[in-house]
Amino acid sequence: MTNKQTRRDFLQGAPCAALGSSAIMSTLLNLKMANNAVAAGLPLDGGSDRKTLVCLFLHGGIDSYNILVPRDDTRYQAYADTRTDIALQQNELLALEQVASGDGQLYGLHPATGSYRDLFNGIDGDQEKRRLSFIANIGTLIQPTTKAQYDDETVPLPRSLFSHSDQTEQWQTSIPQGDTRLTGWAGRMADVLHCTHNQNLTSMSLSFAGNNVFQVGRQTSQFVMNNRGALTFSQDDRDTDHPTFQKNIAVKSLMEQEYSNMMQKAFAELTSKSISEQEFVQDKFDSLEDNFANVTFPNTGIGRDFESALKMIKLRPELGLRRQTIFIGFGGWDHHAELLAPQSDRLSQLAPAVEAFQKGIEELGLEDSVMTFTASDFARTLRSNGGGSDHAWGGNQMVFGGAIDGGKILGEFPDLTFSDSNPIYVSRGGRTLPGVSVDEFFAELLLWFGLKGESNFEQVLPNLSNFFDLSQVNPADPSTFPIGFLKPNTFEV
Amino acid sequence: MKKILVSLLILFLGFLLWTSFQKGDSKEKSAGFSPDPEPLSTAQAETLGDRVLERYASSGSSGMEDLQLFEGYVQNVFLLIKNRDTRHYSTNEDLALFLLGKNTYRTAYLSPGHPILNEKQQLVDRWNTPLKVHALSSKVLELRSAGPDQKLFTEDDLVLPH
């Protein structure tokens with residue numbers, strides 16, 4: 001990968017520029033460029049593959065050091081001594097069987113996450129179907145940082161560490177120092193890929209958790225839906241006397257008026273376009289039967305969200321999407337008061353939904369074209385506050401899908417011995433300094449997703465070059481990847 | 001005549017504001033954040049907290065009034081210290097140190113012997129239970145008192161902002 005922009009890169013980017021940079025170049029010129037590009041057989045980038053990247057955001061800051069736990073006696077004892085009354089029992093941990101190329105250590109999982117274990121060890125005991133790996137001690141960083149640098153503040157640090165909304169935002173922007181314009185890394189990536197890969201029938205950025213920062217682009221926007229489908233104005237099957245129904249008729253009628261004022265006209269057109277898009281998506285959504293995949297989802301909110309997400313993935317051809325991102329949120333992890341029982345309860349809801357989703361993906365034969373990763377505001381303090389844990393920094397996240405070289409703990413799982421001399425701990429209460437940056441994690445996801453060109457990576461992940469040199473990537477050699485969780489040859493550069 | 005006097009008064013107040021701002025600014029430029037503030041002298045002048053929190057935990061106020069008083073005081077300190085970050089005050093102990101002088105200006109806004117602090121230098125409510133400090137965002141710091149039962153996260157907890 002080099003800095004040099006190829007003719008192909010330029011032509012691929014031209015239609016996006018035509019749609020998105022009218023303030024810089026005249027619309028006519030841009031349209032001409034777009035026409036030329038299309039006439040030249042571009043876009044769409046010549047491929048026919050489809051890919052979906054699913055972000056499962058665990059709002060509240062999950063205590064991930066009670067998800068992935070050291071299992072051998074020595075390391076478990078260090079964990080238990082540090083965590084005291086919030087430590088899991090060693091004999092209740094679910095054993096993970098790492099592949100030989102893993103980090104060689106023994107780990108266990110929280111007892112309520114049996115489905116994660118199966119995805120890690122191999123679906124139905126089939127080691128060829130190891131779908132899940134963990135990234136240990138990952139967090140927001142601007143550049144590699146040591147404990148001394150943190151203490152002395154001699155390097156730029158993510159702003160507002162240990163704060164919910166700021167850290168949530170930074171996981172979604174991947175710009176921990178802040179930016180003049182709030183955009184998410186998936187949104188900036190959609191700015192690059194949407195018009196070259198998709199038919200522009202609907203947004204490629206789909207959210208089941210309301211508006212988020214993750215999918216906000218400069219030119220592209222997100223499409224918000226719930227697990228019953230799009231948020232349409234139609235609601236044909238509703239009671240026609242219902243005030244909402246009447247209100248929707250009034251809104252549609254207003255949008256159909258002819259306006260002489262340009263602002264009113266533009267607003268009406270935009271709203272009408274949005275309504276049409278919602279109805280288009282709802283139409284497709286309703287076209288799938290309930291038994292579209294031979295898998296049963298739990299009858300919970302998160303179960304229904306995953307089921308609807310699977311529907312939208314199956315509908316990619318009908319929606320004209322070769323690239324799609326899906327955002328799913330699941331909160332309730334801010335366990336200050338009590339950790340053990342409430343966390344177990346949340347995991348008991350989440351893990352079966354994750355299992356059903358991945359089984360559905362496999363059932364539809366889409367495992368190589370869907371990748372899911374978890375994210376959270378932050379991890380939590382290793383030290384107990386008297387039954388709960390508080391806001392911290394680095395933590396463990398998982399990534400799963402058919403393109404994953406599963407069964408590995410990647411990054412560096414820290415020594416959890418609690419002492420002032422342990423360089424992993426900063427601030428107070430057992431907050432771990434991340435060893436892997438979110439940029440490295442996201443870069444590898446983006447390589448798989450099909451982002452190409454150093455300038456595009458700079459646009460999407462502006463801090464990446466502080467951690468990783470993209471020019472070293474060889475798709476055949478995972479040791480050259482930012483972290484190394486992808487199988488060889490799952491992407492091109 | 002009246003107008004002239006008012007104008008002079010405004011000018012004078014403006015000058016005072018400008019000089020105090022200059023002082024603060026020069027402190028900010030000269031002193032980077034230090035994790036270890038210099039020990040406060042025993043003869044130190046009265047701090048902002050001594051005045052503002054004078055009625056804290058007094059017999060004439062309630063637990064909620066205490067919390068409101070403390071929340072308002074913290075907001076005022078935040079207005080004075082613009083160059084700050086949640087990592088400096090996201091726990092009870094860190095917030096206490098921040099107010100005692102472990103901040104960008106190395107200025108104490110609270111005296112070590114103030115009744116809001118216990119012997120461990122934790123910020124406590126009127127029932128002597130440490131307050132729970134919860135960083136919701138860079139702008140909003142949630143404060144929780146355990147209330148009369150002295151147990152956090154129970155029904156009688158007092159929480160601000162609501």
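Through how many residues does a hairpin join strand 1 of chain B to strand 2 of chain B? In this predicted model, the hairpin that links strand 1 of chain B to strand 2 of chain B runs through 5 residues. The two strands are antiparallel, and 4 bridges join them; in one of these pairings, B:Ala135 has B:Leu141 of strand 2 of chain B as its bridge partner.

**The strands of chain B**

Strand 2 of chain B also pairs with strand 3 of chain B, which covers residues 158-160, in the antiparallel sense and over 3 bridges. Within that pairing, B:Arg144 stands opposite B:Val159 of strand 3 of chain B. Strand 2 of chain B, which spans residues 141-145, has 4 of its 5 residues buried, and it is therefore largely enclosed by the rest of the structure. As a general point, the side chains of a regular strand alternate between the two faces of the sheet.

Read along the sequence, the elements of chain B follow the pattern α-α-α-α-β-β-β, which corresponds to 4 helices and 3 strands.

**The two chains side by side**

The table sets out the totals for each chain.

| Chain | Secondary structure | Residues and buried share | Contacts at a separation of at least 6 that join residues at least 24 apart |
|---|---|---|---|
| Chain A | 14 helices and 15 strands | 493 residues, 50% buried | 72% |

**Where chain B touches chain A**

Contacts between the chains involve 17 residues of chain B and 17 residues of chain A. On the side of chain B that touches chain A, the elements that give two or more residues are helix 4 (92-100) and strand 1 (132-135) of chain B. The largest share of that side, 3 residues, comes from strand 1 of chain B, the strand that the hairpin joins to strand 2 of chain B. By residue class, the side of chain B that touches chain A divides into 6 nonpolar, 6 polar and 5 charged residues.

**Helix 4 of chain A**

Just after helix 4 of chain A comes A:Gly122, which takes a positive phi of about 130 degrees.

**A sheet of chain A**

Strand 2 of chain A is paired with strand 4 of chain A in the antiparallel sense over 3 bridges, and the bridge partner of A:Pro70 in strand 4 of chain A is A:Tyr107.

Technical notes. Residues numbered from 1 in each chain as written. Chains lettered and ligands numbered in written order. Predicted model: local features only at pLDDT ≥ 70, side-chain atom pairs only at ≥ 80, totals over all residues. Contact = placed C-beta atoms within 7 Å. Nonpolar A, V, L, I, M, F, W, Y, C, P; charged D, E, K, R; others polar. Buried ≥ 20, exposed ≤ 12 C-beta atoms within 10 Å, placed from the backbone. Pairing = 2+ DSSP bridges.
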